[in-house]
Amino acid sequence: MIFDLTPEQDQLRDAVRALGRRYGHGYFVEKAKAGEHTTELWAEAGRLGYLGVNIPTEYGGGGGGITELAIVCEELAAAGCPLLLLVVSPAIAATVLARHGTEEQRKRHLPGLADGTQKIVFAITEPDAGSNFHRLSTVARRDGDDWLLNGRKCYISGVDEAGHVLVVARTEDSSSGKLKPALFLVPTDAAGLTRSRLDMEIVSPENQFLLFLDDVRVPADALLGESLDAGLPALFAGLNPERITVAAMGAGTGRYAIERASDYTATRKVWGGRSIGTHQGVSHPLAHAAVQVELARLMIQKAATLYDAGRDLEAGVAGNMAKYAAGEAAALAVDTAVQALGGAGMTTEYGVATLLGAVRAGRIAPVSREMILNFVAQHVLGQDKSY
Ligand SMILES: Cc1cc2nc3c(=O)[nH]c(=O)nc-3n(C[C@H](O)[C@H](O)[C@H](O)COP(=O)(O)OP(=O)(O)OC[C@H]3O[C@@H](n4cnc5c(N)ncnc54)[C@H](O)[C@@H]3O)c2cc1C
């Protein structure tokens with residue numbers, strides 16, 4: 001059992017950390033509050049090859065795996081820049097395209113995803129389906145050689161920054177009631193596709209949208225993969241990378257918060273000459289949070305290793321557990337850090353309360369803690385499905 005990263009992975013970690021620290025949480029918050037995007041950071045990360053680490057080399061990527069992409073997600077978050085679109089574009093969209101896209105689709109989209117000049121976002125959630133993807137009602141109907149898409153999606157991240165949305169729809173002939181999804185690459189400027197930005201209580205330069213698809217016409221080659229049968233495996237292909245990278249982002253955010261708080265409590269003095277960190281009532285909660293974050297990191301490493309070894313089923317269990325653990329640890333770490341900083345914890349300047357909304361959302365999205373517990377109860381503990 002080896003817990004060390006390879007020398008290349010170590011170098012990647014150091015380099016991404018350095019990049020993230022050059023921008024920092026101040027930059028992230030400034031962009032968010034100005035209603036702008038982290039365009040410069042994204043572009044630089046793309047130029048340096050960090051956004052394409054998991055994309056095959058023949059399409060301009062680094063040829064690594066989800067382990068490498070998780071390193072990028074974690075280190076940027078640990079520098080105070082948790083970029084959700086890393087989870088959506090390089091983790092979900094690039095994996096789905098690389099594993100199930102046609103050769104033509106791979107050639108058209110992967111190089112742009114690898115160098116960061118293109119973003120593809122992902123739309124599965126619907127107002128009336130929520131966690132129950134079997135109830136998806138966005139429909140794709142054939143019209144000559146084209147497809148016509150109709151439906152609604154909600155909470156879709158980054159539509160305003162992306163060239164395409166990977167839309168999960170039901171094909172009209174699936175009358176069995178069973179989920180038979182098909183994925184479509186829909187240009188964000190397609191006629192009939194409209195969006196409305198949601199007001200979210202999250203300090204983030206990335207936005208969420210309601211999407212309305214009204215007779216959105218796309219050509220035959222917008223269907224992801226060679227045939228309709230590619231839909232279900234393509235959808236599942238995106239799940240493990242999504243869980244693992246969002247967990248890595250959570251772990252990085254937890255590390256960031258604990259570091260900010262420990263720096264503060266080691267120097268802040270209000271009782272004579274001793275720092276407040278001397279008091280175990282302050283240091284123990286931080287130490288406890290640090291343990292939780294480290295445990296989550298271990299599970300992320302296991303999940304990523306299993307995934308990169310092609311052991312998808314085991315990676316599914318580990319990835320869900322990692323996502324659960326990291327979501328809880330990040331929320332605990334940020335809340336504990338706010339408390340340890342006292343009043344300073346609630347200021348924008350100290351840069352921890354700015355993460356409260358994001359870590360709270362991390363217990364809901366992209367899969368809620370309850371749905372992970374359902375998964376573990378059913379697939380690990382052998383319980384009957386409860387819903
Ligand atoms: C910041 C953010 C970004 C997002 N980005 C995207 C995106 O880019 N693309 C996208 O498609 N979606 C996105 N989402 C949507 C996200 O994936 C959903 O919010 C999530 O899957 C939960 O669905 P829901 O909100 O409809 O909750 P619901 O399904 O309505 O659930 C509400 C509550 O009930 C619980 N619950 C539901 N069913 C059960 C059950 N059977 N057992 C126990 N508890 C249950 C849930 O855990 C939850 O706590 C985003 C959400 C957020 C907050």
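A322 is in contact with R243, I244, A247, A296, M299, I300 and A303, with residues up to four places away in sequence left out; contact means that the C-beta atoms, placed from the backbone, lie within 7 Å. This is a predicted model, in which local features need pLDDT of at least 70, side-chain atom pairs count only at pLDDT 80 or more, and totals for chains, interfaces and linings use all residues. Residues are numbered from 1 along each chain as its sequence is written. The protein is divided into domain 1 (7-119), domain 2 (122-231) and domain 3 (232-379), with bounds that come from an automatic or database domain assignment.

**Nonpolar core**

- The largest nonpolar core has 119 residues, and F184, I300, A322 and V334 have the most contacts inside it.
- Helix 8 (residues 312-340) gives the most to this core, with 15 residues.
- A nonpolar core is a set of buried Ala, Val, Leu, Ile, Met, Phe, Trp, Tyr and Cys residues joined through C-beta atoms within 7 Å.
- A residue is buried if 20 or more other C-beta atoms lie within 10 Å of its own, exposed if 12 or fewer, and partly exposed in between, with C-beta atoms placed from the backbone.
- Helices (H or I, at least four residues) and strands (E, at least two) are DSSP runs, numbered from the N terminus.

**Domain 1 against domain 3**

- The centres of domain 1 and domain 3, taken over C-alpha atoms, are separated by 20 Å.
- Their contact takes 25 residues from domain 1 and 25 residues from domain 3.
- On the side of domain 1 that touches domain 3, helix 1 (7-33), helix 3 (66-78) and helix 4 (85-100) each supply at least two residues.
- Helix 3 provides the largest share of that side of domain 1, ten residues.
- The residues on that side of domain 1 divide into 15 nonpolar, seven polar and three charged.
- In this classification Ala, Val, Leu, Ile, Met, Phe, Trp, Tyr, Cys and Pro count as nonpolar, Asp, Glu, Lys and Arg as charged, and the others, Gly among them, as polar.

**Shell around the ligand**

- There are 23 residues around the ligand, of which G130, S131, A365, S368 and E370 come nearest; a residue is near a molecule or strand if its C-beta atom, placed from the backbone, lies within 6 Å of it.
- Strand 1 (120-123), strand 3 (146-157) and helix 10 (369-379) are the elements that give two or more residues to this shell.
- The shell contains 15 nonpolar, seven polar and one charged residues.
- Domain 2 (122-231) and domain 3 (232-379) each contribute at least three residues to the shell.
- A365 is joined to P366 by a cis peptide bond, with omega about -5 degrees.
- P366 lies in the loop between helix 9 (356-361) and helix 10.

- R255 lies in helix 6 (residues 231-267).
- R255 counts as buried because 23 other C-beta atoms lie within 10 Å.
- R255 touches A78 and V293, not counting residues up to four places away in sequence.
- The C-alpha atoms of R255 and E75 are separated by 9.4 Å, although these residues are 180 residues apart along the chain.
- T171 is in strand 4 (residues 164-171), and counts as partly exposed because it has 16 C-beta neighbours inside 10 Å.
- Apart from neighbours within four places in sequence, T171 is in contact with A140, K180, A182 and L228.
- T171 and W147 are 24 residues apart along the chain, and 9.8 Å separate their C-alpha atoms.

- Y155, which is not a glycine, has a positive phi of about 60 degrees.
- Y155 is in strand 3 and is buried, with 20 other C-beta atoms within 10 Å.
- D215 also has a positive phi, near 50 degrees, in a residue other than glycine.
- D215 lies in strand 7 (residues 208-218) and counts as exposed, with 12 C-beta neighbours inside 10 Å.

**UniProt annotations**

- The unreviewed UniProt entry places "domain: Acyl-CoA dehydrogenase/oxidase N-terminal" at residues 6-116.
- Residues 6-116 are 70% helix and 0% strand, and their end C-alpha atoms lie 25 Å apart.
- The annotation "domain: Acyl-CoA dehydrogenase/oxidase C-terminal", also from an unreviewed UniProt entry, covers residues 230-380.
- Residues 230-380 are 74% helix and 3% strand, with end C-alpha atoms 27 Å apart.
- UniProt positions are given in the numbering used here, feature names are shortened, and annotations may be inferred rather than shown by experiment.

Terms used:
Two residues are in contact if their C-beta atoms, placed from the backbone, lie within 7 Å.
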